[in-house]
Amino acid sequence: MAENSNDGADAHDAPTIKGLLDELLSLRAGIVAESAADRERIDAADPAHRDSAENLLYYLALRRRDLRPLQQRLAALGLSSLGRAEGHVLATLDAVLAVLHGLAGRPWRPLPATPPDGFRQGSDRLATHTAALLGPEREERGVRIMVTMPGGCADDYALVHDLIAQGMDCARINCAHDDPATWLRIIGHVRRAAAELGRSCRIAMDLGGPKLRTGPMSSGPAVARVKPARDAYGRVTAPARLWLSDEAAPKPAPAAAQACLGVPAAWLARLCAGDEVTLCDARDAKRTMTVVDKTLHGCWVELRQTAYIASDTVLRHRAAAGEGSKKERSETERSNSAAIAPLPPRENFILLHKDDLLTVTRDATPGRAGVSDDAGKARTPGVIGCTLPAIFDDVQAGEAIWFDDGKIGGTIVEAGPDALQVRITHARPNGAKLRADKGINFPDSALRLPALTAKDIDDLAFVVKHADIVELSFANRADDVAALQEHIARLGGGAPAIVLKIETRVGFENLPDMLLTALRSPCCGVMIARGDLAVEVGFERLAEVQEEILWICEAARVPVIWATQVLETLAKRGAPSRAEVTDAAMGDRAECVMLNKGPHIIEAVRVLDSILRRMQAHQSKKQPMLRMLQLAHGLPQNDPATPR
């Protein structure tokens, strides 16, 4: 009876199996034919990457089709639904075809273009390319950790040593900051610490690229606002602290100072602890400060009321009671006054609300805020410049523009040769402040900006000589990648690996073409630069876009670096958010996770190392790893035998 039941099931499934066989054979033939049309691009790849370039083209051809109906029918038979085909497209199709041939009672023979080592080829190639780019994996952690080096590392060997000891595998230097002398000291510390610890640590250098930013702003008022800390009842809990120093030889203000005031050295020399300093502030409010400490470089004064101190403010010294007669003290007060040195102007800004107009100009004339009426509505728009005038030849009316990492958004309502009129569509309810040197994004515009700037080309001479990896910022087109390769070849000497930073919508859309060009180099990788990318594609699309980047790069067997704001509040403030921990864990599907600098960066590296070690037992790319569950094991959480 059981045998008759099986025969019935086979007969019932025969049309389904035949239909699937025909569809899969047609699918396979189609993607092989489409890829063969791009044979020149495959042959142009480095010999070590030709099979990877071919697999990428297979995958792109596969994903041009909607496979969901086919997947459902395969899954109904308990077969692979092609969901893990990225690294080995033909091997996956052939495995399913072999089973279907068996179910149909047909002989199976490998088809043309079948890879000799099947499923192993994809994972083996990716592991080899990852080790070449980022160094060997650590024990129990295959995902590497990259850390952006603060400039202070140039003079702090202990910090570099501790970062490598805690798990840093790659030190990233941003060429947009500091100078070659500083970079060289950082590199020296990294090489020395890696050698002492017996660890591998690659040097990556990030070219600045054509970063679009707002131009300068006109100067604000030269006034310092200082205020004491108060409790909920308005009572002073801590006075404001100001630093007085010699105006002729100013020293950096201590971090605790709310303001630093320069005064004549002779006047400063007469101050003693306990003395009082009086002033009338910019509102003609009388204020009294007390001298609480004096050092060789200046003195501390404290103030228990809010004051607005302008550049023309006069300070009057009043010695502590008991020094000289009343008449002498009165004469001293009249003569012992000093005007403070000119204060630096405050940073100005443009306050923007939804529906406001803003003019973005081609020149570098200092920007200015708009003029508002009594109701607070702008009568004339604010004006601000743009650091890259070339974009005015490419942007058009109706396209989107974003400022300051997506904090302010607008639509271009008029695009002229020298100015853009922008209608603000996105700002905080109470208005958003737009300042100088803030990023600008044009996600809808076809900007013709080359990825390499003149400064980048100058920096390349240093990078090629000293770095293991060069990161190409704002990589948008295959021509950008080819230009970088040409400059590296022209410089001769070292040949650093190339990492493409994907941070624009155009870069994302052109990623396959850029990868095929990058595969001409012996070693390459991709960074998902999620800061600008989120603004460019929209925050709601970022998760989808970064998934596609991971899939395409796995198909090319190219390592991926998961970057921007990973454990950022931990690195900067000492404690992570729950969402950040989850985000860091998701980074396990990349080959490397990047941390940005911060005062708590060593702790951030330690925590990330722990997260990645734990996640390795649970996830490999898109594939869940079925490690024994702790709950299923039935052991208490603190049992030493419980797998972690």
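Predicted model: local features only at pLDDT ≥ 70, side-chain atom pairs only at ≥ 80, totals over all residues.
Author: A residue is termed buried under 20% relative accessible area, exposed over 50%, and partly exposed in between (1.4 Å probe, protein chains only). Buried residues make up 45% of the 644 residues in this protein.

Reader: How many helices and strands does the protein have?

Author: Helices (H or I, at least four residues) and strands (E, at least two) are DSSP runs, numbered from the N terminus. Here the protein has 20 helices and 31 strands, and its C-alpha trace spans about 120 × 65 × 55 Å along the principal axes.

Reader: What share of the contacts joins residues 24 or more positions apart?

Author: A contact means heavy atoms within 4.5 Å. Among contacts in the protein with a separation of 6 or more, 72% are between residues 24 or more positions apart.

Reader: Is arginine 28 buried or exposed?

Author: Arginine 28 counts as buried, because its relative accessibility is 4%. This residue is placed in helix 1 (residues 2-36). Not counting residues up to four places away in sequence, arginine 28 touches Leu90, Leu93, Asp94, Leu97, Leu111, Pro112, Ala113 and Thr114.

Reader: Where does arginine 241 lie, and what does it contact?

Author: Arginine 241 belongs to strand 7 (residues 240-246). With a relative accessible area of 26%, arginine 241 is partly exposed. Its contacts, leaving aside neighbours within four places in sequence, include Ala256, Val292, Trp300 and Glu302. Arginine 241 and alanine 256 are 15 residues apart in sequence, and their C-alpha atoms are 7.2 Å apart in space.

Reader: Which residues form a positive surface patch?

Author: Lys and Arg count as positive and Asp and Glu as negative; His and the chain ends are not counted. The place of a charge is NZ of Lys, CZ of Arg, CG of Asp or CD of Glu. Patch residues have over 30% relative accessible area and no salt bridge, and like charges are joined within 9 Å. A salt bridge is a side-chain nitrogen of Lys or Arg within 4 Å of a carboxyl oxygen of Asp or Glu. In this structure, Arg225, Lys227, Arg346 and Lys433 form a positive surface patch. Arginine 225 is found in strand 4 (residues 223-226) and is partly exposed, at 40% relative accessible area.

Conventions
Residues numbered from 1 in each chain as written. Heavy atoms only, no water. Patch = residues over 30% accessible without salt bridge, like charges linked within 9 Å, V, L, I, M, F, W, Y side chains within 5 Å. Areas by Shrake-Rupley, 256 points an atom, 1.4 Å probe, with all protein chains shown as cover.
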